[in-house]
Amino acid sequence: MAGPVPEMEARAEACAERLREADRVLLASHIDADGLTSAAVAATALERAEIPFETAFAKQLDETEVRKIAATEYDTVLFTDFGSGQLDVVAPHEEADEFTPVIADHHRPADAETEYHLNPLLFGIDGASELSGAGASYVLARALETEGVDNRDLAALAVVGAVGDMQNSEGGLHGANAGIVEEGVAAGVLEEATDLVLYGRQTRPLPKFLEYASDVRIPGISNDANGAVRFLSDLDLDLKEEGDWRRWVDLTMDERKTLVSALMRRAIASGVPADRIESLVGTTYTLTAEEEGTELRDVSEFSTLLNATARYERADVGLAVCLGNRDGALESARTLLRNHRRNLSEGLQWVKNEGTTVEDHVQWFDAGTRIRETIVGIVAGMAVGSGGISRDKPILAFAEKSDSEVKVSARGSHVLVREGLDLSAVMREASRAVGGDGGGHNVAAGATIPKGREDEFVAEANRIVGDQLG
Ligand code: C5P
Ligand code: C5P
Ligand code: C5P
Ligand code: ZN
């Protein structure tokens, strides 16, 4: 059966044991959808285990952040969705007895070890595609269960984290993630289905749902408001209710089937390649305990909502939404979401207009201050494969972080990873060569480098990617 291996569960037990021994715990997590859900899973499990804790978020763990953490009164720190990649930074503070780290992460570990280290990569599980930070936190949460506590409901948040880190492939979540899905379904909080995978199934009126779907471009519908309305109006379906367009969730199974067939016929007639058409349908996840028609009901809408908070210094809002404090937090999150979506769409448009500079083995663009450094990676990922930006070479995206520092995000593809690409190594080595630091996953990674060293960095990254793929 898919799921974490016994060795990983044993490590989780040891971590749980260590947390129970602590008087109180500082829970530190990463500022994206996976980091927020990781924190929410861990926070709920700590609370149910009656272990006092406080939560803090950081953009990236570096020496400055770790020193801040070390300066607190806490002698036990639970890191979720980061920590492994910066073990070499954390370890000296542990040796100095400043705190004991407990780590639930899925990033490529740095060259150091620690006792309470829960990471799928240490157990033969792929951290880029088979278990996320929220998944690692979930494994820990199961180990933290006490008499009468069942933490399987937290599988819902773990799945949001995995999808937020783009671990969902065409056939759905797999590996250890599939085990978590099974537990969520058994606990009655999750539903898995085969459905149209366009973004906005819960919240978007049908014309916007089709118009804005950009992953698969259908001429005359995608990015074409009138075209989308015409396409829907030509169907023999009653798609309005009291004058308002219905949403995908409002449709019956039969209505959905009719719409999907018509959409596919149109795509075929417009010459959309067969593999792109097939990718319109895939595995989707629904959080059954959430209210229908809200962003929270659909796992991918939920994860975008969370990125819209945490990547804009409002992790507190995203965490509150995850923890079920919906009143004010959900409204704030929705406002942030509108802003995030506008930024993504403007950023994407800018990249498409500018294009990339293509080197032998990588391509890159420098967004300067036009794209926020916290979302430049998402934009880079959305840009490849569209508007003349090829998928054949990994993309490096620069954005200004401060007067002295530049953020770099790198995105590859699973095809390139199968050929030997490992962006976490590329980003770590190339950044260290120019006085910065970085890491991440084989398919997606990032770094911070000193301003002015971009050209050297590109040359170094280009050389390393050439070696990996050569
Ligand atoms: O720090 P963290 O692990 O949460 O971030 C992973 C990042 O990698 C996310 O931004 C996710 O969108 C990206 N990713 C990707 N393509 C994949 C897997 C992950 O762009 N196939
Ligand atoms: O914002 P988030 O990190 O959840 O986006 C992850 C992926 O979801 C993007 O790379 C993109 O493929 C998809 N997405 C989209 N349209 C949006 C937002 C997200 O297709 N407006
Ligand atoms: O920020 P971005 O979405 O590009 O990050 C991609 C991946 O690289 C994430 O998993 C992130 O945690 C990792 N990363 C890192 N060190 C950095 C920047 C990003 O490990 N300095
Ligand atoms: Zn993650």
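Predicted model: local features only at pLDDT ≥ 70, side-chain atom pairs only at ≥ 80, totals over all residues.

Me: Which protein residues are donors of the zinc ion (ligand 4), and how far from it do they lie?
Reply: The donor residues follow the sequence spacing D-x46-D-x24-H-x58-D. They are Asp 34, Asp 81 and Asp 165, each through OD, and His 106 through NE2. Their distances from the zinc ion are 2.1 to 2.3 Å.

Me: What is the arrangement of the 6 donor atoms around the zinc ion (ligand 4)?
Reply: Six donors count as octahedral if opposite ones are over 155 degrees apart and all others between 65 and 115. Here the angles run from 54 to 170°, so the arrangement is irregular.

Me: Which parts of the chain does the pair Asp 81 and His 106 tie together?
Reply: The zinc donors include Asp 81 and His 106, and both residues are buried. Because Asp 81 sits in one loop and His 106 in another, the pair links parts 25 residues apart in sequence. Those parts are the loop between strand E3 (76-80) and helix H4 (87-95), and the loop between strand E4 (100-104) and strand E5 (116-118).

Me: How much of ligand 1 does the protein bury?
Reply: The ligand is surrounded by 15 residues, and the closest are His 30, Asp 32, His 107, Asp 165 and His 441. Oxygen atoms of ligand 1 lie 2.9 Å from a polar side-chain atom of His 107, 3.2 Å from a side-chain N or O atom of Arg 411 and 3.3 Å from a polar side-chain atom of His 106. Of the 480 Å² that ligand 1 exposes when taken alone, the protein buries 88%.

Me: Which elements give two or more residues to the shell around ligand 2?
Reply: Residues around ligand 2 include Met 166, Asp 215 and Arg 341. The protein buries 82% of the 440 Å² exposed by ligand 2 alone. The elements asked for are helix H12 (299-310), helix H14 (327-354) and helix H15 (376-383).

Me: How many of the 10 residues of helix H6 (residues 155-164) are buried?
Reply: The buried residues of H6 include Ala 155, Leu 157, Val 160 and Gly 161. Helix H6 is largely enclosed by the rest of the structure, because the buried count is 9 of the 10.

Me: Which residue with a positive phi follows H6?
Reply: Its phi is near 60°. The residue is also among those around ligand 2. It is Met 166.

Notes:
Residues numbered from 1 in each chain as written. Chains lettered and ligands numbered in written order. Heavy atoms only, no water. Donors = N, O, S within 2.8 Å, 3.2 Å for Na, K, Ca; no water. Tetrahedral: all angles 85-135°; square planar, octahedral: opposite > 155°, others 65-115°. Helix = DSSP H or I, 4+ residues; strand = E, 2+ residues; numbered from the N terminus. Buried < 20%, exposed > 50% of the residue type's maximum accessible area, 1.4 Å probe, protein only. Near = heavy atom within 4 Å. Polar contact = N/O pair within 3.5 Å; in protein donor to acceptor, adjacent residues only side chain to side chain. Areas by Shrake-Rupley, 256 points an atom, 1.4 Å probe, with all protein chains shown as cover.
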